[in-house]
Amino acid sequence: MLLTIKGLQKSFGELAVLKDIDLNIGKGKVVTIMGPSGSGKTTLLRCLNGLEIPGQGHFQFHDDFSLDFNQKLRKSEMLQLRRKSGMVFQSYNLFPHKTALENVIEGPVIVQKKDKQTATNEAERLLEKVGLQDKMDLFPHQLSGGQQQRVGIARALAIEPELMLFDEPTSALDPELIGEVLGVIKDLANEGWTMVVVTHEVSFAKHVSDHLIFMDGGYIVEQGDPKEVLEQPKEPRTKQFLNRILPEV
């Protein structure tokens, strides 16, 4: 198991957004998260990346690195957590004044203090991997949404994370661009990357992921084999949600 999560809770003021989340993420597995807006999906991802600090709970990684959010954590512990995962945002979050290549080398050079030439060579390989070998010197405004998102994926891969996190990576894209981004994510799945993907792409969840989670109201309502959850949901709330997006369910 790459990561075991126990009793994860997160509130913003008096609003409880995550409530007693227990989750196991297996090494090399793809976990998809589905659910209505406001269910806590993005907050869960941000907690996994250290962008949000849980109020309670415990993380246990396979290499015996653990975090107990019931006590105050050291800055070094949070930095170690952030280095374990790469985050791909729905709104790209690229530096507009930097080229695709410069965006990808930013983390390795500035944060990880890698040699610039080494980072550049690796960034070129990653951009070629996501099909952008001829777009390396272009700025974000010169790229389509799908191309920008693929730069974002290359940027996340560049820090060599153990866990890749995707927050609705296709939600901001025009329909004809969704396939090119999902194709890259499918390739990563086939290569054995461990991934957690928040998505409404049902076909992707059914055919690419190993485990599906349905969230609502800050809870994990149902989880299991993606085909079973999507085709034969056990919980009424899961079925209600799927009926809205899949009339045949």
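The model is predicted: local features need pLDDT of at least 70, side-chain atom pairs count only at pLDDT 80 or more, and totals for chains, interfaces and linings use all residues. Residues are numbered from 1 along each chain as its sequence is written, and side-chain values use heavy atoms, with hydrogens and water left out. Helices (H or I, at least four residues) and strands (E, at least two) are DSSP runs, numbered from the N terminus.

**Sheet**
- An open sheet of 6 strands runs in the order β6-β7-β8-β3-β9-β10, with mixed pairing. Two strands pair if DSSP finds at least two bridges between them.
- β6 and β10 (219-224) stand at the edges; each has a single partner strand, so one side of each lacks a neighbour in the sheet.
- Neighbouring strands are turned by 20° against each other on average, direction ignored. Axes here are lines fitted to C-alpha atoms, and angles run from 0 to 180 degrees between N-to-C directions.
- β3 (residues 30-34) and β8 (residues 194-198) run parallel, joined by 4 bridges. Val-30 has Met-195 of β8 as its bridge partner.

**Helix α5**
- α5 (residues 145-158) has 14 residues and reaches 20 Å from first C-alpha to last, close to the 20 Å expected. The expected span is 1.5 Å times one less than the number of residues.
- 14 of its 14 residues are buried. Buried means under 20% relative accessible area, exposed over 50%, partly exposed in between (1.4 Å probe, protein chains only).

**Largest pocket**
- The largest pocket holds about 600 Å³ of space. Of its 20 lining residues, the closest to the centre are Arg-82, Ser-85, Gly-107, Val-111 and Ile-159.
- A pocket is an open set of points on a 1 Å grid over the protein atoms alone, where a 1.4 Å probe fits, with protein on both sides within 12 Å along at least five of seven lines; lining residues have an atom within 4 Å of a point. The volume is the space filled by probe spheres set on the points.
- α2 (75-83), β6 (85-88), α3 (100-111) and α5 each give two or more residues to the lining. α3 gives the most, with 5 residues.

**Positive phi**
- Asp-64, not a glycine, has a phi of about 75°. Asp-64 lies in the loop between β4 (56-61) and β5 (66-68) and is exposed, at 66% relative accessible area.
- Lys-113 has a positive phi near 60°. Lys-113 sits in the loop between α3 and α4 (116-129) and is exposed, at 67% relative accessibility.
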